[in-house]
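The following note sets out, point by point, what may be read from the model shown below. Please keep the sequence and the structure in view while reading.

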Amino acid sequence: MVAAIAWWVLSIIAVASAFAVISVRNPVHSVLFLILTFFTSAGLFVLLGAEFLAMLLVVVYVGAVAVLFLFVVMMLDVDFVELKQGFLNYLPVGALVAFALMAEIGLVASAASSAGGAPIALAPEGEAPVTNAQAIGEVLYTDYLLLFQMAGLILLVAMIGAIVLTLRHRPGVKKQDIAAQVGRRRSEAVELKDVTPGQGIG
């Protein structure tokens with residue numbers, strides 16, 4: 001009963017917070033709702049017995065929210081001084097998100113304790129049980145290996161594109177010229193001196 005209540009509550013919060021991510025105008029509020037969506041989805045994974053996916057969602061995606069926020073700040077050219085001055089304006093939304101996260105953690109913990117901590121079996125009856133990490137690894141690197149590698153390449157291209165879009169060239173800053181270094185000849189880099197013994201090179 002507690003697990004069913006937790007499932008419906010977390011599902012409603014996940015859908016509402018995901019809608020708020022794309023509907024709010026303030027990028028700071030959008031990131032806060034995005035964190036709430038990730039944590040709520042992780043709670044749903046825990047209720048399904050997929051604690052490995054929940055851990056990946058929190059560690060990878062929530063950990064990358066700081067990078068996402070930095071990317072948004074660089075793209076939108078947000079004034080840091082004005083952002084710090086409006087800290088109290090974001091306090092109610094931040095407190096609401098923090099309260100929701102703590103309530104979700106308590107709800108998932110109570111649902112897991114009421115279920116006795118019994119995970120969902122990933123293997124058919126009669127076979128040796130496997131862990132979530134092993135089951136996911138076997139599926140990813142056997143049935144979906146090509147799609148998994150293609151997704152990695154797409155993410156790599158997206159990361160390079162984000163770096164290129166946010167790269168700003170400033171005058172007066174020394175930069176490395178790789179083409180000039182590679183194309184340098186021996187005559188341009190080495191200078192021979194005929195030094196007279198006992199006199200030095202002056």
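What percentage of the contacts in the chain with a separation of 6 or more is accounted for by residues 24 or more positions apart?

1. Contacts along the chain. The model under review is a predicted one. Residues 24 or more positions apart account for 64% of the contacts in the chain with a separation of 6 or more.

2. The chain contains nine helices and zero strands. Of the 202 residues in the chain, 21% are buried.

3. Confidence. The mean pLDDT of the chain is 76, and 79% of its residues reach 70 or more. Among the parts of the chain, helix α4 (residues 80-85) has the lowest confidence, with a mean of 60, whereas α7 has the highest, at 88. Residues 119-124 call for separate mention: pLDDT stays under 50 there, and the model has eight contacts beyond four places in sequence for these residues.

4. The nonpolar core. The largest nonpolar core has 17 residues, and those that touch the most other members are F33, L36, F38, V93 and V97. Helices α1 (2-23), α2, α3 and α5 (87-114) each supply at least two residues of this core. The largest share, seven residues, comes from α2. As a general background, nonpolar side chains tend to be buried together in soluble globular proteins.

5. Two residues in detail. Beyond its neighbours within four places in sequence, F33 is in contact with S17, A20, V21, V24 and V93. T37 has its place in helix α2. Is T37 buried or exposed? The relative accessible area of T37 is 11%, so this residue counts as buried, the cut-off for that term being under 20%. Residues up to four places away in sequence aside, T37 touches A14, S17, A18 and V21.

6. The largest pocket. The volume of the largest pocket is about 990 Å³. Helices α2 (27-47), α3 (51-76), α6 (132-143) and α7 (145-166) are the elements that give two or more residues to its lining. This lining consists of 27 residues, of which V60, Y61, A64, A151 and L155 lie nearest the centre of the pocket. The most is given by α3, with twelve residues.

7. How many residues of the lining of the largest pocket are nonpolar, polar and charged? The lining divides into 24 nonpolar residues, three polar residues and no charged residues.

Terms used
Residues are numbered from 1 along each chain as its sequence is written. This is a predicted model: local features need pLDDT of at least 70, side-chain atom pairs count only at pLDDT 80 or more; totals for chains, interfaces and linings use all residues. Side-chain values use heavy atoms; hydrogens and water are left out. On a 1 Å grid over the protein atoms alone, a cavity is a set of points where a 1.4 Å probe fits but cannot get out, and a pocket is an open set with protein on both sides within 12 Å along at least five of seven lines; lining residues have an atom within 4 Å of a point. Grid points are joined across faces, edges and corners, and a volume is the space filled by probe spheres set on the points. Helices (H or I, at least four residues) and strands (E, at least two) are DSSP runs, numbered from the N terminus. Ala, Val, Leu, Ile, Met, Phe, Trp, Tyr, Cys and Pro count as nonpolar, Asp, Glu, Lys and Arg as charged, and the others, Gly among them, as polar. pLDDT is the predictor's confidence in each residue, from 0 to 100. Contact means heavy atoms within 4.5 Å. Buried means under 20% relative accessible area, exposed over 50%, partly exposed in between (1.4 Å probe, protein chains only). A nonpolar core is a set of buried Ala, Val, Leu, Ile, Met, Phe, Trp, Tyr and Cys residues joined through side-chain atoms within 4.5 Å.
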